[in-house]
Amino acid sequence: MANTKTVVPFSGTKEQEKRLLEVIEEHKGQKGALMPVLQAAQEIYGYLPIEVQKMVSEGLSIPLEEIYGVATFYSQFTLNPKGKYKISVCLGTACYVKGSGDVFNRISEKLGIASGMCTPDGKFSLDACRCIGACGLAPVMTINDEVYGRLTVDDVDTILAKYDD
């Protein structure tokens with residue numbers, strides 16, 4: 001079973017904070033400022049951890065609950081960091097029928113993380129997706145821009161081993 005308690009510590013830099021504060025200052029007092037500020041924050045940090053949400057909340061004088069609500073409502077935002085290697089397993093119908101659920105579960109088990117999470121070392125993140133348009137290769141997963149098709153559970157260890165730096 002994947003460890004759903006794994007947390008990657010926030011590791012923002014002073015440079016990132018400075019850039020975010022500049023963006024906040026540019027948008028302060030503007031109607032509808034929250035979306036462009038959150039988009040910029042995610043671009044700067046790669047995700048929207050609570051520390052970043054608090055900076056946005058304080059900078060724009062918007063309650064943290066509202067920031068969190070927007071960040072969790074829109075699928076473009078993520079509250080968890082992404083790994084150096086972003087694994088996405090297709091769980092669309094064609095892939096699922098051919099065993100992608102088992103492949104996904106094996107990766108989750110092997111890495112010790114659930115969907116939407118990142119390994120503590122920041123190396124891998126795991127997500128499920130609905131369809132990547134490669135149904136003829138089902139079941140399919142991607143690691144960054146690399147596509148792996150016609151997968152079986154037995155392929156998982158060999159594929160992940162390619163990413164040992």
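Which helices do the buried residues of α3 pack against?

A: In this predicted model, the buried residues of α3 pack against α1 (14–27), α2 (34–45) and α4 (64–73). Helix α3 itself covers residues 50–60, and its buried residues are V52, Q53, M55, V56, S57, G59 and L60. Directly after α3 comes S61, whose phi is positive, near 55 degrees.

The setting of this helix can be read from the chain as a whole. The chain has seven helices and five strands, and along the sequence they follow the pattern α-α-α-α-β-α-α-β-β-β-β-α. Buried residues make up 45% of the 165 residues in the chain. Of the contacts in the chain with a separation of 6 or more, 62% are between residues 24 or more positions apart.

Side chains of opposite charge can pair when their charged atoms come close. K14 and E17 meet in a salt bridge, with 3.6 Å from N to O. The two residues are three positions apart in helix α1, so about one helical turn separates them. K14 is exposed, with a relative accessible area of 67%, whereas E17 is partly exposed, at 27%. A further salt bridge joins K28 and E25, with an N to O distance of 3.7 Å; K28 is partly exposed, with a relative accessible area of 43%.

These pairs may be set beside one elsewhere in the chain. K123 forms a salt bridge with D164, and their closest N and O atoms are 3.2 Å apart. Because K123 lies in the loop between β2 (117–118) and β3 while D164 lies in the segment after α7 (156–161), this pair ties together parts that are 41 residues apart in sequence. K123 is buried, with a relative accessible area of 17%, but D164 is exposed, at 56%. A search of the whole structure finds eight salt bridges.

Definitions and conventions: Residues are numbered from 1 along each chain as its sequence is written. This is a predicted model: local features need pLDDT of at least 70, side-chain atom pairs count only at pLDDT 80 or more; totals for chains, interfaces and linings use all residues. Side-chain values use heavy atoms; hydrogens and water are left out. Helices (H or I, at least four residues) and strands (E, at least two) are DSSP runs, numbered from the N terminus. Buried means under 20% relative accessible area, exposed over 50%, partly exposed in between (1.4 Å probe, protein chains only). Contact means heavy atoms within 4.5 Å. A salt bridge is a side-chain nitrogen of Lys or Arg within 4 Å of a carboxyl oxygen of Asp or Glu.
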